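Me: I want to learn how to read helix packing and nonpolar cores. Can we work through an example?

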Amino acid sequence: MTDLSPENTNQFNSQMGNYSEAADNLGAEACLQAVVNSLPAIVWATDLAGTIAFIIGSGLDALGLKSEELVGQSIFVLYKAHSGNVENIKRGLSGEQRAWISTFHNVIYNHRVIPVRDRNGNAIGLTGVSLDITERDRVETALRQQARRERLVATIAQRIRASLQLNDILNTTVAELRQFLQINRMVIYRFSQEERGIVVAESADPEYSANLDANVDNLSVDIRCLGESIEAYSRGEFHVIHDVEVASLSAETQQFLKQRYVKSRLAVPILVDGEEEGSPLPSNCARPWGLLVADHCAQVHHWHPQEINLLASLSTQVAIAIRQAQLYAKLEENKRQLEESNKELLRLASVDWLTQTANRLRFDEYINQEWRQMAREGAQIALIMADIDYFKDYNDTYGHPEGDRCLQKVARAINQTVKRPRDLVARYGGEEFAIVLPMTDIEGANYLAEQIRTNVKALNIVHEESLIDEYVTVSLGVASMSPIVGSTPSVLIAAADYALYEAKGRGRNCIYSIG
């Protein structure tokens, strides 16, 4: 039980003040009558037996009673319909102050009773006031409901916007809204350029599911079946169907909704700011991205304005989340493209443009890297230096374009021979190639070198000016070492280079190795 609210007390006191001047002219009783009649209240006084001495107030009119009919009767005649009223008045007559709330014929009353005492403090009667607070309660209830809706909207919006992935946003939206609205099905359609609505997310009771995986027809719908035109949705118009059976709908729309067991439908457009490829709207214009659709399938439902406003508010939150997801996706795509571009730039910076093998810069980086790694592991590393025999004469005879093609063919033959991912083929300079072979001893390097020599000769590239063969051949120098921590690979490079020099001195088209 609660006392009169401060608002009502202040209102009563204010009215009393307004009538203070009238009291001087009309007397206290007339003043009290004027005040009480301005409020939806009943004011009364009784003796200790509960017999009404006087009773006034516009609240009597609402009950169809007159004060002259009640004076001289028991106060319990007025309040007998509610047991709580009787109990509280009895306790008031016994000397207690009481305050409580009760409802009679859908009218909510705030009651208060105060004992009247003589100068010696003895109770001689009881005064009471019953104030109609129905309207105040309605307003307060509406405010509480509005605050609750706003909190729920904020909570749902927070969940909707918790992800930057579009699919997560859409699926969260339909799941949260279906639970919140207590409906049978929640669907999001996305508009296509062919003026069709494509189902991109759905949450439904099992018996009313659209079965998105069943067939394509369920996924794509002519926009005319969704209630309004694109132009109407772009203006932010809603499509509200309280009862499909009596609504003014086209035969096509009626059939579409009945096939999906829809009895009542509410469709709210999702308007997204920003440009989209193929959109005729300017980039700063909100365009109709799709629809947020709520369906009642089990029974007809009359959509309350608060529900419509709620869905409209949440469609705005969904639109914001969609735009954020789009920007994030674009950012991620730009990031991916940038990473790909950087990788390509790094590749180009480390690749010889003619032979598409590693260039000299990459060779220097890699042999130093693997030299240090082999030193830490206590393993061997080998290097093969290969040089095309009499290549200057080849260029002079066939021309530089043909010489370039010869280099490309030899490079491909070497690359096809060297198959381990960790091995590196590089153009060392001019017609010379270097092959870095981590984790390789001299026997393994010699074996690979012989394969390279054989495969290059097997290309059968005619070389009329060669002094050793009718086809292009290569000479190869091979070296293998176990690096020492703190040393550099220059000693390995020098050894392989010396071995190549020896191979050339021994007649070319052969292998010489150190290790």
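Predicted model: local features only at pLDDT ≥ 70, side-chain atom pairs only at ≥ 80, totals over all residues.

Me: At roughly what angle do the axes of α8 and α9 cross, and within what distance do they come?

Reply: The angle is taken between N-to-C directions. For α8 and α9 the axes cross at roughly 155 degrees and come within 9 Å. Angles over 145 degrees count as roughly antiparallel. That makes α8 roughly antiparallel to α9.

Me: Which residues in α8 and α9 meet?

Reply: From α8 come L152, I156, R159 and I160. From α9 come I169, T172, T173, E176, L177 and F180. By type, the contact of α8 with α9 has 6 nonpolar, 2 polar and 2 charged residues.

Me: How do α9 and α12 pack, in angle and axis distance?

Reply: Helix α9 covers residues 166–181, and helix α12 covers 305–350. They pack at about 165 degrees, with axes 10 Å apart. The pair is therefore roughly antiparallel. The crossing of α9 and α12 is right-handed. On the α9 side the contact residues include L166, L170 and L181. On the α12 side they include L310, L314 and V318. The contact of α9 with α12 divides into 13 nonpolar residues, 1 polar and no charged.

Me: Which residues touch the most other members of the largest nonpolar core?

Reply: A nonpolar core joins buried residues through side-chain atoms within 4.5 Å. The largest one has 30 residues, and M186, I188, I270 and L311 touch the most other members. Elements giving two or more residues to this core are α8, α9, β6, β10, β11 and α12. The largest share, 10 residues, comes from α12.

Me: What does I188 touch?

Reply: Leave out residues up to four places away in sequence. Then I188 touches, among others, L170, T173 and V174, along with I198, I270, W289 and L291.

Me: Which residues of α7 are buried, and what do they pack against?

Reply: Buried means under 20% relative accessible area. In α7, residues 83–93, the buried ones are G84, N85, V86, N88, I89, G92 and L93. The buried residues of α7 pack against α6 and the strands β1, β3, β4 and β5.

Notes
Residues numbered from 1 in each chain as written. Heavy atoms only, no water. Axes fitted to C-alpha atoms, helices over the stretch in contact; angles between N-to-C directions. Helix = DSSP H or I, 4+ residues; strand = E, 2+ residues; numbered from the N terminus. Parallel < 35°, antiparallel > 145°, perpendicular 65-115°, else oblique. Left-handed = near helix turned anticlockwise from the far one by under 90°. Contact = heavy atoms within 4.5 Å. Nonpolar A, V, L, I, M, F, W, Y, C, P; charged D, E, K, R; others polar. Buried < 20%, exposed > 50% of the residue type's maximum accessible area, 1.4 Å probe, protein only.
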